[in-house]
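Subject: Structure handover

Hello,

Here is the structure for you to take over. Please open it alongside this note.

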Amino acid sequence: MSMKRPAAAALAAAFCLLAAACGSSSGTADDTAGKAVGQASGYPVTLDNCGRKLTFEKAPERVVVMNGASVAEVSTLLALGLEDKIVANQQRYGRSEVPGRADAIKKLPTGGITLNGAGDIPREAMLGLRPDLVLSVTSYGYEQKNGFATREQLQQVGANSYISPQGCDDDPSKMTVADSYRLLRDMGKIFHVGDRAEKLIAASEKKIAAVSGKTGTGQPPKVMVLFASPTGITDFSLVFAKGIVNDILAGAGGVNAFEDSSETLFANVSKEKAATTDVDALVVIDASGTDAAAYAKQLLKEFPQWPAARTSTYVTLSDSMYLGPSNDLAVKKIAEVLHPDAG
């Protein structure tokens with residue numbers, strides 16, 4: 001998770017899906033060898049992760065996925081066909097742009113863990129799972145002061161620990177779609193399924209390029225990206241200003257209407273500023289327990305001066321707007337409303 005963590009708040013849990021880390025990876029694996037994920041052929045493999053050298057003598061067999069209010073890590077493992085390596089997953093979002101993914105995540109083992117106050121796996125429970133690889137979206141998941149097993153403690157029991165791209169410094173404001181690809185490549189390298197990762201990346205790049213090539217060269221529409229309010233009350237305290245959403249908007253031929261409102265991930269936008277900004281489209285993120293479509297319609301009714309209100313232009317999204325293997329779906333869905341001929 002990337003922000004200060006009042007874990008009980010639905011929005012706080014949702015916005016932190018964007019956090020992630022500094023892995024580096026390169027190379028691909030022969031797909032034939034990749035199919036036998038558990039064999040040691042092709043090992044050892046190493047990669048640098050947030051200043052720590054990770055060495056794998058074989059593919060991990062007991063993977064624990066920490067919550068961190070993310071679905072990026074578990075979705076990446078599922079996209080690579082590695083679900084049988086997961087012994088405990090705490091990531092779930094309840095919805096996805098990928099057909100069947102939310103159900104697939106729901107079926108994964110949780111390890112029967114009693115979570116701590118941050119909604120994640122405490123130290124003793126983590127060590128009791130006997131992991132050989134732990135995935136955390138940011139460095140927060142390994143901080144002793146928060147009651148988590150540290151990377152050193154995990155190493156002492158034979159477990160590697162991984163932090164996802166941009167999670168080293170817990171700063172998701174710098175994140176781009178390339179970080180989603182890096183996460184795929186790193187997991188491909190660790191599990192010796194690099195060819196699978198490269199195929200997914202190539203397909204995503206091709207889809208995004210195809211959409212971007214149809215959006216035209218005119219003035220890009222201005223888009224507001226925010227969460228659906230769980231209370232239904234208009235709330236502009238967590239309007240996206242920076243981060244991966246801007247890269248996704250660019251691919252879809254749009255621009256963030258509030259990009260200059262903050263140097264951090266979110267801007268706290270006043271209703272006055274929102275009312276006087278030309279918003280050509282809304283992207284409302286469907287947080288758990290919310291009705292994003294109803295919230296979008298409510299905002300369009302409340303701010304009839306927006307061009308988006310006159311054209312009823314909005315799109316609701318969930319996991320594809322975050323770090324993870326499905327950013328191309330967000331690009332496509334946003335482009336379909338910004339540039340109907342680009343879909």
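Below is what was found, from the whole chain down to single residues.

This is a predicted model: local features need pLDDT of at least 70, side-chain atom pairs count only at pLDDT 80 or more, and totals for chains, interfaces and linings use all residues. Numbering starts from 1 along each chain as its sequence is written, and side-chain values use heavy atoms, with hydrogens and water left out.

**Overall**

The chain has 13 helices and 12 strands. These are DSSP runs, numbered from the N terminus: helices are H or I with at least four residues, strands are E with at least two. Of the 343 residues, 54% are buried. Buried means under 20% relative accessible area, exposed over 50%, and partly exposed in between (1.4 Å probe, protein chains only). Take the contacts (heavy atoms within 4.5 Å) with a separation of 6 or more: 71% of them join residues 24 or more positions apart. The chain exposes about 13,800 Å², and carbon and sulfur atoms supply 49% of that. Areas come from the Shrake-Rupley method with a 1.4 Å probe; for residues, only the protein chains shown count as cover.

**Helix H8**

H8 covers residues 194-212. Its 19 residues should span 27 Å at 1.5 Å a residue, and its end C-alpha atoms are 27 Å apart, which agrees. The expected span is 1.5 Å times one less than the number of residues. Gly194, Ala197, Ile201, Ser204, Ile208 and Val211 are the buried residues of H8. They cover an arc of only 125° around the axis, so they lie on the same side of H8. The arc is taken from the directions from the helix axis to the C-beta atoms. Lys199 and Lys206 are exposed, on the face turned away from the buried side. The cover over the buried residues of H8 includes helices H7 (177-190), H9 (244-251) and H13 (327-338).

Leu135 is in strand S5 (residues 133-136). It counts as buried, at 1% relative accessibility. Beyond four places in sequence, its contacts include Val63, Val64, Leu77, Tyr162 and Met187.

Val284 is in strand S11 (residues 281-285). Its relative accessible area is 0%, so Val284 is buried. Leu317 is 33 residues from Val284 in sequence, yet 6.4 Å away in space, C-alpha to C-alpha. Leu317 is also among the residues that Val284 touches, as are Phe227, Tyr295 and Val315.

**Disulfide**

There is 1 disulfide, defined as a pair of cysteine sulfur atoms within 2.5 Å. Cys50 and Cys168 form it, with sulfur atoms 1.9 Å apart. The link is left-handed, at -85° about the S-S bond. It joins distant parts of the chain, 118 residues apart. Cys50 sits in the loop between strands S1 (45-49) and S2 (52-56), and Cys168 in the loop between strand S6 (160-163) and H7. Cys50 is partly exposed at 25% relative accessibility. Cys168 is buried at 17%.

**Cores**

A nonpolar core is a set of buried Ala, Val, Leu, Ile, Met, Phe, Trp, Tyr and Cys residues joined through side-chain atoms within 4.5 Å. The largest has 61 residues. Leu77, Tyr162, Met187, Phe191, Val225, Met321 and Ile334 touch the most other members. H7 gives the largest share of this core, 6 residues. A second, separate core has 21 residues, including Met224, Phe236, Leu300 and Ala308.

Best wishes
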